[in-house]
Amino acid sequence: MDFLNHHYSFQVKLLLSLIAVFSVAFIVFFILTFLKRFKRIKKNELKANYQNQIDTLLFELLFNQNVSVNKIALKFKNEIVPTKLIKKITLKSINALHRNYTGDLKKRIELFYIESELVNYSLEKLNSLNWAKVIEGIRDISNLKYQPAYEIILSKLKHSKTIVQKEAFIGVILLKGLDELIKNKDNQLYLDDWTQSNILYVIKRDQMTLPDNIEELFKSKNKTIILLGARILHYFQANHYLHLIENYLIQNPNSTIKPKLDSIINQLKNIHQ
Amino acid sequence: MTGIHWLDIAIHAFNYFILVFAISVMVSYLFLAVISAFALKAYHKKNRFVNYNALLALPDAPSVSLIAPAYNEGKTIIENVKSLLSINYNNFDVIVVNDGSKDDSIPILIDAFELEITNEIFSPQIETKEVKAIYRSKNPSYSKLVVVDKFNGGKADALNTGINISTKPYVVCIDVDCIMDKDVLLKLAKPFLEKSEKRIIATGGVVRIANSCIIKSGKLIKVNAPDNWVARIQVLEYLRAFLLGRMAWSKLDGLLLISGAFGMFDREIVIESGGYNTKTVGEDMELIVRMRRYMIDNNREYAVQYIPDPLCWTEAPESYEILRKQRSRWTRGTMETLWLHKKMMLNPKYKTIGLLSYPYWLMYEYLAPLIECFGLLVTILFICLGVLNWHFFGLLILMVYIFSVMFSMLAIYTEEATFRRYTTLSDLRKLVFIAHLEAIIFHPFTVYAAIRGNWEKIKGNKGWGEMTRKGFDKTNK
């Protein structure tokens with residue numbers, strides 16, 4: 001009987017312990033959920049408030065050419081007093097504006113990025129141990145064409161994370177154009193279709209031009225770069241370079257990228273017709 | 001204590017059995033939840049900067065056929081098809097397969113989309129019921145639309161017909177009445193573009209409940225927690241299953257189910273492995289298990305991917321009768337799939353799916369309701385005999401109840417920390433409130449439905465059961 005009592009006592013203790021643990025866990029998740037929600041509501045209110053101030057400032061930057069960029073940047077630094085959140089919101093806004101405008105307005109945004117010292121915030125990210133932050137930095141700097149950071153971004157091609165290497169690859173193309181792709185043609189980075197679609201996207205968005213020495217790309221030992229080269233020719237509808245793809249296939253008849261290259265050849269031929 | 005030694009020992013043994021089973025279920029849920037949390041965090045970190053529109057720049061983006069089987073969907077089919085045609089992607093077509101509808105679906109489609117019969121010849125690679133006609137539109141605006149009219153053969157047969165008709169390398173199998181995110185194909189296609197050594201054979205996404213949500217012109221405008229309690233409880237169920245369950249199974253490479261409402265497949269592998277099985281009501285789960293088994297049996301490297309973004313919104317049953325039919329069918333589908341692939345059980349050749357996923361599904365998805373029912377019957381017997389230890393019983397029920405509420409709260413927290421689709425405080429309160437009732441009013445019902453599923457299987461019921469839907473147009477003006 002003692003034996004059974006002992007077991008019963010153990011079962012009850014176990015149940016009581018589990019009830020206590022689960023109850024505490026429930027309270028913790030409950031508090032965390034509502035805390036997160038309230039924090040988000042507060043953050044959104046704050047964001048909306050900051051966004052108004054930033055929009056006013058950026059409106060002045062774009063449409064009041066009488067005011068110098070330096071003066072607006074000073075206003076940003078002294079009157080708005082940029083916190084981390086403000087810097088994030090401003091970067092998001094200027095990135096969006098930079099995509100939408102061309103010419104002088106684009107240049108003013110780029111200058112504001114430097115004068116407001118937002119560029120330093122992006123440069124700091126490049127040294128982060130968190131790879132996601134590094135990507136964020138590369139993206140801001142390359143989108144906003146901060147040329148002095150070229151060497152640092154180039155060095156990220158040797159980052160331990162492949163995802164950062166790919167971003168750096170796109171970053172240097174954004175900074176220096178398609179010549180940079182040719183310069184890095186022997187890089188052994190595996191450019192998957194997703195990365196290639198991103199490269200084609202920036203070529204299109206930034207209205208890059210086809211380099212004269214594009215044939216150099218087809219001397220690459222990296223077959224993903226060959227495929228990218230073919231896709232670039234397709235994008236520019238450069239069927240006068242069709243022979244570059246055809247020659248590659250003659251030399252590499254069993255290449256794994258053959259079906260994709262064949263498809264591009266067909267599409268280029270159709271353009272010709 | 002009864003004073004009868006052998007009876008006391010039997011009661012203790014029974015108590016231990018129930019306790020150990022309950023704790024093992026809870027530990028497995030928590031284990032999966034922890035893995036999901038890490039996987040979700042990694043997913044968000046990796047995808048927070050992704051510009052899905054970049055994919056549109058790729059001239060040879062994966063070609064996809066959206067296959068939507070339709071049976072008596074005449075009332076809503078125009079809006080549903082228009083919604084599918086407006087998806088943001090550059091390389092897709094929509095194949096609507098009318099599975100011998102008894103209503104006027106075909107005349108409605110012909111009229112709305114200016115369809116005409118084509119003389120297209122296709123070679124069916126999967127056996128299906130006879131195709132009556134294939135229609136295409138005269139209007140170039142609807143050039144992406146193909147409508148297939150066929151004799152009734154069930155959902156699996158209709159999907160197989162769509163797979164036969166498709167000329168694209170990838171197929172997305174959906175329910176025609178689901179509301180899709182406009183970027184659904186961009187998000188589903190991404191894993192196929194990132195492939196390296198392993199061939200991606202399928203990608204699944206999260207299905208969410210659309211009841212009480214605001215939907216206009218086939219697009220989700222605002223997410224609300226459902227007003228109906230039955231539907232609202234299913235929101236919690238789906239959150240737990242998709243965010244805390246399947247995400248983990250995907251991470252463990254043991255995902256056995258991609259929802260029938262929404263999944264993208266490598267067409268070649270689907271055909272090689274025989275297409276959807278028309279003899280089971282769990283054709284979605286059966287296909288994934290068979291495709292995985294096919295790849296392993298043929299020593300081919302493969303992967304099944306899972307995307308935790310809420311991309312597909314569906315209407316959940318709001319009445320207990322419809323829900324009972326749905327859950328009974330799910331039970332029969334699970335039974336049939338597990339039986340068809342019993343060879344995989346604890347078979348090291350099948351790695352995670354043989355050693356972990358299969359036993360888990362058998363134990364905690366299929367057998368759990370039966371064990372619960374058995375426990376309940378023994379408890380009733382103990383009450384009748386006057387030997388029930390009410391103290392132990394009360395504590396056990398309390399522990400299970402608190403775990404259930406806590407786990408739902410964890411799912412709500414995960415949603416709040418990740419996708420945050422329920423934006424109002426009122427929605428959050430509604431979900432937390434219903435989490436307290438679920439274990440009392442809903443769970444016993446699902447156990448009952450699972451038992452009915454077993455009974456129907458024994459009786460030889462092979463049907464789907466009538467699945468009447470209320471329709472989004474009636475809930476949202």
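Student: Which residue is the bridge partner of B:Ser65 in β2(B)?

Tutor: Strands are DSSP runs of E with at least two residues, helices are runs of H or I with at least four, and both are numbered from the N terminus. Two strands pair if DSSP finds at least two bridges between them. Here B:Ser65 has B:Asp93 as its bridge partner in β2(B). Strand β1 (residues 64–70) of chain B and strand β2 (residues 92–99) of chain B run parallel and are joined by seven bridges. Keep in mind that this is a predicted model, where local features need pLDDT of at least 70 and side-chain atom pairs count only at pLDDT 80 or more, while totals for chains, interfaces and linings use all residues. Residues are numbered from 1 along each chain as its sequence is written, and chains are lettered from A and ligands numbered from 1 in the order in which they are written.

Student: In what order do the ten strands of the open sheet in chain B come?

Tutor: The order is β3-β4-β5-β2-β1-β6-β11-β8-β12-β7 (chain B), with mixed pairing. β3 (115–117) and β7 (179–180) of chain B are at the edges and have a single partner strand each, so one side of each lacks a neighbour in the sheet.

Student: How many bridges join β2(B) to β5(B)?

Tutor: Six bridges join them, and the two strands run parallel. Within β5(B), B:Lys150 is opposite B:Asp99. Strand β4 (residues 131–137) of chain B is antiparallel to β5(B), with five bridges between them. There B:Arg136 stands opposite B:Val146.

Student: How many of the six residues of strand β5 of chain B are buried?

Tutor: A residue is buried if 20 or more other C-beta atoms lie within 10 Å of its own, exposed if 12 or fewer, and partly exposed in between, with C-beta atoms placed from the backbone. Strand β5 (residues 145–150) of chain B is mostly covered, six of its six residues being buried. B:Leu145, B:Val147 and B:Asp149 point one way, B:Val146, B:Val148 and B:Lys150 point the other way, and all are buried.

Student: Which residues have the most contacts inside the largest nonpolar core?

Tutor: A nonpolar core is a set of buried Ala, Val, Leu, Ile, Met, Phe, Trp, Tyr and Cys residues joined through C-beta atoms within 7 Å. The largest one has 178 residues, and those with the most contacts inside it are B:Leu66, B:Ile67, B:Val96, B:Val172, B:Ile288 and B:Met406. Helix α11 (residues 390–417) of chain B gives the largest share of this core, 13 residues. For contacts in general, two residues count if their C-beta atoms, placed from the backbone, lie within 7 Å. Apart from neighbours within four places in sequence, B:Leu66 is in contact with B:Leu84, B:Phe92, B:Val94, B:Ile95, B:Val172 and B:Ile174.

Student: Is B:Ser212 buried or exposed?

Tutor: B:Ser212 is buried, with 21 other C-beta atoms within 10 Å. B:Ser212 sits in the loop between β8 and β9 (214–216) of chain B, and has a positive phi of about 70° although it is not a glycine. B:Lys351 is not a glycine either, yet has a positive phi of about 45°. B:Lys351 belongs to helix α10 (residues 351–385) of chain B and counts as partly exposed, with 16 C-beta neighbours inside 10 Å.

Student: How many residues of chain A are in contact with chain B?

Tutor: 38 residues of chain A are in contact with 36 residues of chain B. α1(A) provides the largest share of the chain A side, 18 residues. By class, that side has 19 nonpolar, ten polar and nine charged residues; Ala, Val, Leu, Ile, Met, Phe, Trp, Tyr, Cys and Pro count as nonpolar, Asp, Glu, Lys and Arg as charged, and the others, Gly among them, as polar.

Student: Where in chain A does UniProt place the feature "transmembrane region"?

Tutor: UniProt positions are given in the numbering used here, feature names are shortened, and annotations may be inferred rather than shown by experiment. The unreviewed UniProt entry places this feature at residues 12–35 of chain A. In the model that span is 100% helix and 0% strand, with its end C-alpha atoms 34 Å apart.
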